[in-house]
Amino acid sequence: MSWVMPGEYENEERFERELAIERDEARKILMDSGLVARVEFTNCMIPIQIHAFLPTEEMCYGRNSRVGGNVTMWVFEKECKLAKGWPPALFKGEQVSDATTYIILAQEMLVLIKKYLELKSKENPVAT
């Protein structure tokens, strides 16, 4: 639903309500995982995008490839404004998907966040 432009709906208010419901569900998926401390959405609709912030303050930027398609996610050391230039990424991962909604994007981002955290824990094992 998220990639459909508002003009394609007879009722733009209905589109905005449905989009808000979809974003709320995506936020809930990410927040309920316990892996994410905060979620933000961009106003861009193509590609759809989510910024998820880990409790360690790393920023995960996930998006689909244009209308639907695979999910790509980058992890940056801290929150950044990507429009002003991309800092070095700590992690880049991709999920094969048909991510046409924020909900699917959030689910696929969770898979990638888990992969990132697994790699991070292998690189920096905690002494016991």
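## Sheet

In this predicted model, five strands make up an open sheet in the order 1-2-3-4-5, with antiparallel pairing. Strands (E, at least two residues) and helices (H or I, at least four) are DSSP runs numbered from the N terminus, and two strands pair if DSSP finds at least two bridges between them. Strand 1 (38–41) and strand 5 (91–95) are the edge strands; each has a single partner strand, so one side of each lacks a neighbour in the sheet.

Strand 4 (residues 71–76) pairs with strand 5 in the antiparallel sense over five bridges. Within strand 5, Gln-95 is the residue opposite Val-71.

## Helices on the sheet

Helix 1 (residues 12–32) lies across strand 1 and strand 2 (49–53) and runs at about 150° to strand 1. Angles run from 0 to 180 degrees between N-to-C directions, and axes are lines fitted to C-alpha atoms, for helices over the stretch in contact. Contact means heavy atoms within 4.5 Å. Helix 2 (residues 102–123) packs on the sheet and touches strand 1, strand 2, strand 3 (59–64), strand 4 and strand 5; its direction makes about 135° with that of strand 5.

## Helix pair

Helix 1 and helix 2 pack at about 15°, with axes 8 Å apart. Helix 1 is therefore roughly parallel to helix 2 (angles under 35 degrees count as roughly parallel).

Among the residues in this contact are Leu-19, Ala-26 and Ile-29 of helix 1 and Ile-103, Leu-110 and Ile-113 of helix 2.

## Basis

Residues are numbered from 1 along each chain as its sequence is written. Local features need pLDDT of at least 70, side-chain atom pairs count only at pLDDT 80 or more, and totals for chains, interfaces and linings use all residues, while side-chain values use heavy atoms, leaving out hydrogens and water.

Methods:
Parallel < 35°, antiparallel > 145°, perpendicular 65-115°, else oblique.
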